[in-house]
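Dear colleague,

I am handing over the structure below, and after it you will find what came out of the analysis. Please read it with the coordinates open beside you.

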Amino acid sequence: MGWVVFAVAFWLATWFLNAWIARGPHAQTRAAGLLVPVIFGVTVIVVWEALVRGLNVPGVILPPPSAIWVKLVSATDILWEDFVQTFVKGALSGYIIGCGAAFVTAVLIDRSPFLQRGLLPVGNFVAALPIIGTAPILVMWFGFDWQSKSAVVVVMVFFPMLVNTVQGLADTTTMQRDLMHTYSASYAQALVKLRLPAAMPAIFNGLKIATTLALIGAIVAEFFGSPIKGMGFRISTEVGRLGLDMVWAEITVAALAGSAFYGIVAMIEKGVTFWHPSQRS
Amino acid sequence: MTERPVIEAKDLDLTFQTNDGPIHALKGVDLNVNKGDFVSFIGPSGCGKTTFLRVVAGLEHPTGGTITVNGMSPDEARQNRAYGYVFQAAGLYPWRTIGGNIKLPLEIMGYAKSEQDAKIAKVLELVDLAGFEKKFPWQLSGGMQQRASIARALAFDAEILLMDEPFGALDEIVRDHLNEQLLELWARTEKTIGFVTHSIPEAVYLSTKIVVMSPRPGRITDVIESPLPRERPLDIRDTPEFLEVAHRVREGLRAGHAYD
């Protein structure tokens, strides 16, 4: 009972603390902007821990954060090995190949309305196939190791990246194109100096959407066959052994890696498309 | 003048095919523009003044008649970098600095790096924007952006400057100032300028030759050789000569509307 009372008390205390900071004279400062979400995050973890202990929730339903932390620290080598297998080898390689191929395809079909109208529905069709159906087939084709996971990721990221790049390349005004025409610019010059820079906001939209798809694709694909390592493999086997603390540890790693991946791409975007109205300020 | 006209149009026709049937944008347009002229095209919307400028630039192609620019077809003239074009809006590329925007045509035309920098410095000084080279377009006012776009059109030393309502979106005060600067620039560079506008005072103040046009079909109703001297302070607009020319332009515009 004591834990539950503590959880409620802690929650109310930090709530008032955050409200006080947000209304206070320093609300607009950088420190306050950092402090408020940190206090919120700490509160979630403390209340979670206290409620799990106070209500005697079984570890299989919801392990306390402390148990997940213990697992994170004690099983670091396994988690690292899984991370490399799934994220670096599977997701990242598939992401680069898929996004790269989609970008090249978009530039190639750009000059041909025929190919654009023909290829976009085919891409749409492939993207609409359920990952649960295509993953086992790709595992059969490319083997149990990371290559098949990479292939699943390629299939998942290709279409959103293609659509965004094609749309981005069309994202110029008549005046901007007329200007190139008055210079008698070649197709390649207009592409490099006008249409690709103008396409960057849309291209980065595609790249950002693809980051999350890549991680999901690589993890889910491991459910259909993998060597005895990888985040998806670990999650599916540990669930069978009721090792839910390990599952939660893997989820934590996946969440951190996915957020960092997205964050890095968003940061590059900020640098490349600094000129776009949505990035100024 | 014994020299051949810079722009020579004979019986020029242009018909756009649209879903609502053909539109006669230009019909039987005859016009000569001599070297060093400042020619304004004035008329209500739809009279073909912008279309004519685009034909000169090779952005539209006539369906009848002939037109030569520097004795060549407009397309050849464009490939020979005969003209710089200034659009209704500045249309600077936002990912390039002011200097970078002016460098754009120089890069495309393959000027050497050292030559590029010298030309950028020269034209920035010409439009009174020295020191703004490293700013981005969205950090500048509308008038400054339009001046930068004029600098961009001047950068590669084209003989002809084509301007399509370049100051249409700016307020009266900025416009006066830019008109004055444009005259000064014209005197210094001795370019031939084609200038589309729908402001009578602007046309009369700037031009040596005013082409009055009327719509449906787009055609020329009057060509006025301005009696005003080449050097024009802003207060020339209060002199009787100025008002007389303005009156004739207004009459020409009214005549074009007579059977509407």
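B:Ala9 has B:Leu31 as its bridge partner in strand 2 of chain B, where helices (H or I, at least four residues) and strands (E, at least two) are DSSP runs numbered from the N terminus. Please keep in mind that this is a predicted model, in which local features need pLDDT of at least 70 and side-chain atom pairs count only at pLDDT 80 or more, whereas totals for chains, interfaces and linings use all residues. Residues are numbered from 1 along each chain as its sequence is written, while chains are lettered from A and ligands numbered from 1 in the order in which they are written.

Strand 1 (residues 7-18) of chain B pairs with strand 2 of chain B in the antiparallel sense over 9 bridges; two strands pair if DSSP finds at least two bridges between them. The open sheet has 3 strands in the order 2-1-4 (chain B), with antiparallel pairing, and its edge strands, each pairing on one side only, are strand 2 (21-33) and strand 4 (64-69) of chain B. From one strand to the next the twist averages 30°, with axes being lines fitted to C-alpha atoms, for helices over the stretch in contact, and angles running from 0 to 180 degrees between N-to-C directions.

Another open sheet of chain B is formed by 6 strands in the order 5-6-7-3-8-9, and its pairing is mixed. Here strand 5 (83-86) and strand 9 (219-225) of chain B are the edge strands, and neighbouring strands are turned by 15° against each other on average, direction ignored. Helix 5 (residues 142-154) of chain B packs on this sheet, touching strand 5 and strand 6 (160-164) of chain B, and its direction makes about 165° with that of strand 5 of chain B. Strand 8 (residues 209-214) of chain B pairs with strand 9 of chain B in the antiparallel sense over 6 bridges, and B:Ser214 stands opposite B:Arg219 in strand 9 of chain B.

As for domains, whose bounds come from an automatic or database domain assignment, chain B is divided into domain 1 (1-82 + 162-260) and domain 2 (88-157), with 25 Å between their centres, taken over C-alpha atoms. In chain B, 12 residues of domain 1 are in contact with 11 residues of domain 2, contact being counted if the C-beta atoms of two residues, placed from the backbone, lie within 7 Å. The largest share of the domain 1 side, 4 residues, comes from helix 6 (residues 172-189) of chain B. Chain A is divided into domain 1 (2-57) and domain 2 (71-272), and the C-alpha centres of these two domains of chain A lie 36 Å apart.

Between the chains, 17 residues of chain B are in contact with 14 residues of chain A. On the side of chain B that touches chain A, helix 3 of chain B gives the largest share, 3 residues.

Finally, helix 6 (residues 131-142) and helix 7 (residues 146-169) of chain A pack at an angle of about 140°, with their axes 8 Å apart. These two helices of chain A are therefore oblique to each other, given that angles under 35 degrees count as roughly parallel, over 145 as roughly antiparallel, 65 to 115 as roughly perpendicular and the rest as oblique.

With kind regards
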